[in-house]
Amino acid sequence: MNITITPETEWPSSNTMSGSDGDDDSLSDMDARPPVHPVAQMQGAFEESMMETLNESEDAEPQDRMSTADSVSRRKMLLEQEEYQRTVAGRWKQKPGEQFHPLWKLVAQISFGMHLLQQRLAKSDEEVIKILQTHVDEIDGFLERTTEDFDLAQGDIDERVRYLQLPLEHGSVFDSMLSERNFRVAIVEGNEKIEHIIDRTAAAMNDALKDVQKGLDATRELAKYLTSVDKQWDDRSEEHDSVYLAMIGNTEGWTRAFLTLQSKGHALRKALVQLGGIVAEMQRRAGAASRKNLVSAESS
C-alpha cells in the first residue's frame, strides 16, 4: 500500500505494544510476528500493508503523476492513452502480486489504530490519532476524487447524447444529408471516436466501481468492529470518546458516499448504453445511405 508512514510512526510490533524496550529490534520483530488484528477478516490485509510499509523505504517508486492531477487531466489522459491502463486510478489500483485491495489495507490500519487506543497499547496516543487522521483523509480523498471523475464523465456523456440526438430527431433531414459522401465519412469517423470514448469511460467506470465495492465492504467491517468495542470501552477518556464518535461518524459518512458512488456508476452506465445506441443508429443510417448511393451509381 502506498500510504507513507515512516518507521518512527508505524504501528508497534508485539514487543513495543507490550511495553518492552526492544526498540532496535521492533521492525524485525514485527516482520517475524505481525500483531494480531482485532478483526479477523482484516488480518491478511493488515499484514500485507505492514510489509509494504517496511519495503517502501528501500523500493519506493516515484509518485504516480496522475495521483495529484485534477479530474479534467485524469479524463484527458484516460481518453488519450494508446492502450487502457489504470494510470488514472493512481494509488488505489490493486497491483499485480497484491492479495488485498488498497482500501481494505487502509481500513485495516484504521481499525488497528482504534484497537491500540481502546486497549491502551499505544506508546503515544497523540501519534496514533495523528496517523488515524492521515488515513481518514486518505479515504476522504478517494471518495472526493472518484466522485469528481464520475461527475465529469457523466457530464461529458450527457452532452454527447444531447448533441447526437438532434439529427436523429430530424431523421429525414439527416438521411438526406447522408447522401453526401463527405458527410457520411465525417459521421463514421466521428462515431469511431465516440465509440472509443464509450469504451474507455466504461472500462474506468467498471474498475472504479470495483474499488467502491471494496471500500464499502471494508467500511462495513470497520463499523461492525467499532460497534462491538463500544461497551468494552466504557471507560474511555474524553479525548478517546471524541476520536471514537468521530470515527463512527466517518464510517456512516463513508458508507453513504460509497452507496452514492454506486448510484452514480449505474447512472453513468445507463448513459453509456444510451449513447452507444445513438451511435449504432447513426451507423445504421450511414450504411443504408452508402448502399443506396452504390445501387444508384451502378444502375446509372
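Hi everyone. Let me start with a term: buried means under 20% relative accessible area, exposed means over 50%, and partly exposed is in between, using a 1.4 Å probe and protein chains only. This is a predicted model, where local features need pLDDT of at least 70 and side-chain atom pairs count only at pLDDT 80 or more, while totals for chains, interfaces and linings use all residues. Residues are numbered from 1 along each chain as its sequence is written, and side-chain values use heavy atoms, leaving out hydrogens and water.

Now, salt bridges: a side-chain nitrogen of Lys or Arg within 4 Å of a carboxyl oxygen of Asp or Glu. How many does the structure hold? There are 17.

Take Glu-80, which pairs with Lys-76, their closest N and O atoms 3.1 Å apart. Glu-80 and Lys-76 sit 4 residues apart in helix α4 (residues 71-80), so about one helical turn separates them. Helices here are DSSP runs of H or I, at least four residues, numbered from the N terminus. Glu-80 counts as exposed because its relative accessibility is 55%, whereas Lys-76, at 48%, counts as partly exposed.

Next, Lys-264 and Asp-151 meet in a salt bridge at 2.8 Å, N to O. Lys-264 belongs to helix α9 (residues 238-299) and Asp-151 to helix α6, so this pair ties together parts 113 residues apart in sequence. Both are partly exposed: Lys-264 at 26% relative accessibility, Asp-151 at 39%.

My last pair is Lys-105 with Glu-48, at 2.9 Å between the closest N and O atoms. Lys-105 is in helix α5 (residues 102-119) and Glu-48 in helix α3 (residues 43-59). Are these two buried or exposed? Both are buried.

Note on methods. Helix = DSSP H or I, 4+ residues; strand = E, 2+ residues; numbered from the N terminus.
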